[in-house]
Amino acid sequence: MRILPFIAALLIACSGNGGGRAPKAALPADTPTQAGHSTLPRDTVTQSLSATALSMERQGMVNVQSVDPTIRVSLMYSRPDNFTGRVLYDDLREGYLHPKAAKALAMAQKRLKELRPELSLIIFDATRPMSIQQKMWNVVKGTSKNIYVSNPANGGGMHNYGMAVDISICRENGDTIPMGALVDHMSSLSHIDHEDVLVRTKRMTEEARANRQLLREVMAVGGFKPLRTEWWHFNLCTRAEAKRNYKVIR
């Protein structure tokens with residue numbers, strides 16, 4: 001008779017939730033809901049950002065996708081398939097810009113969607129902290145590629161102020177449309193001042209030229225101006241204006 005309470009207690013412990021079924025597994029804290037929002041508390045979301053992202057937010061930069069979530073981001077310096085051949089962003093995956101530049105880019109995206117709803121802007125580089133600029137310079141200094149990189153000793157470039165973006169256009173599946181040369185291809189194929197010659201000599205297709213013109217058209221709506229030697233690079237202001245009005249991102 002004395003063992004009956006023990007057996008009853010053992011049976012209750014083994015029955016779990018009383019229905020014979022395993023309890024429903026809890027979702028991870030950051031699992032998106034059906035509405036597409038994270039269940040993570042706001043302060044925890046902040047803590048989950050990388051050190052580089054947190055640093056840029058503290059310096060006043062904003063995540064472009066917080067302004068317009070339809071803009072795609074694929075940072076080329078977080079992978080080795082860029083002109084340096086190295087990973088420069090160890091922990092950054094988001095595209096950050098000065099709030100003024102992020103708002104201007106959202107205007108460009110809106111115009112692109114009006115013209116071609118099936119297409120989207122895709123960011124390959126945005127704000128580049130000066131520490132990353134130094135890493136990039138260390139790779140190219142003393143080589144023929146150093147003409148494409150701003151020397152940090154001279155104040156850096158427009159990316160370092162959050163007022164420049166490297167960008168292209170992609171389809172819904174994320175594939176970029178033809179532009180005559182890949183992003184970060186450092187040669188005359190990337191220059192925008194003699195595209196007619198490139199087409200005439202069959203070094204670039206008419207389709208690619210039209211796509212570049214589309215990119216410049218929508219970026220101009222936001223006030224961005226193209227760089228002559230890089231079809232993918234756009235500045236929102238001049239370097240003199242950036243130095244006068246904005247701070248370098250460290």
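Analyst: A crossing counts as right-handed if the near helix is turned clockwise from the far one by less than a right angle, and as left-handed if anticlockwise. In this sense α5 crosses α8 in a right-handed manner; helices are DSSP runs of H or I with at least four residues, strands are E runs of at least two, and both are numbered from the N terminus. The model is predicted, and local features need pLDDT of at least 70, side-chain atom pairs count only at pLDDT 80 or more, while totals for chains, interfaces and linings use all residues. Residues are numbered from 1 along each chain as its sequence is written, and side-chain values use heavy atoms, with hydrogens and water left out.

Helix α5 covers residues 99-115 and helix α8 covers residues 206-221; the two pack at an angle of about 130 degrees, and their axes lie 7 Å apart (axes are lines fitted to C-alpha atoms over the stretch in contact, with angles from 0 to 180 degrees between N-to-C directions). That angle makes α5 oblique to α8, since angles under 35 degrees count as roughly parallel, over 145 as roughly antiparallel, 65 to 115 as roughly perpendicular and the rest as oblique.

On the α5 side, Leu105, Met107, Ala108, Arg111, Leu112 and Leu115 meet Leu214, Glu217, Val218, Met219 and Val221 of α8, where contact means heavy atoms within 4.5 Å. The residues of this α5 and α8 contact comprise nine nonpolar, no polar and two charged (Ala, Val, Leu, Ile, Met, Phe, Trp, Tyr, Cys and Pro are nonpolar; Asp, Glu, Lys and Arg are charged; the others, Gly among them, are polar).

Of the contacts between residues at least 6 apart in sequence, 70% join residues at least 24 apart. In helix α3, residues 51-58, the buried residues include Thr52, Ala53, Leu54 and Met56, and just after α3, Gly60 has a positive phi of about 95 degrees. Elsewhere, Tyr77 and Tyr89 are both buried, as are Trp231 and Trp232.

Conventions: Buried means under 20% relative accessible area, exposed over 50%, partly exposed in between (1.4 Å probe, protein chains only).
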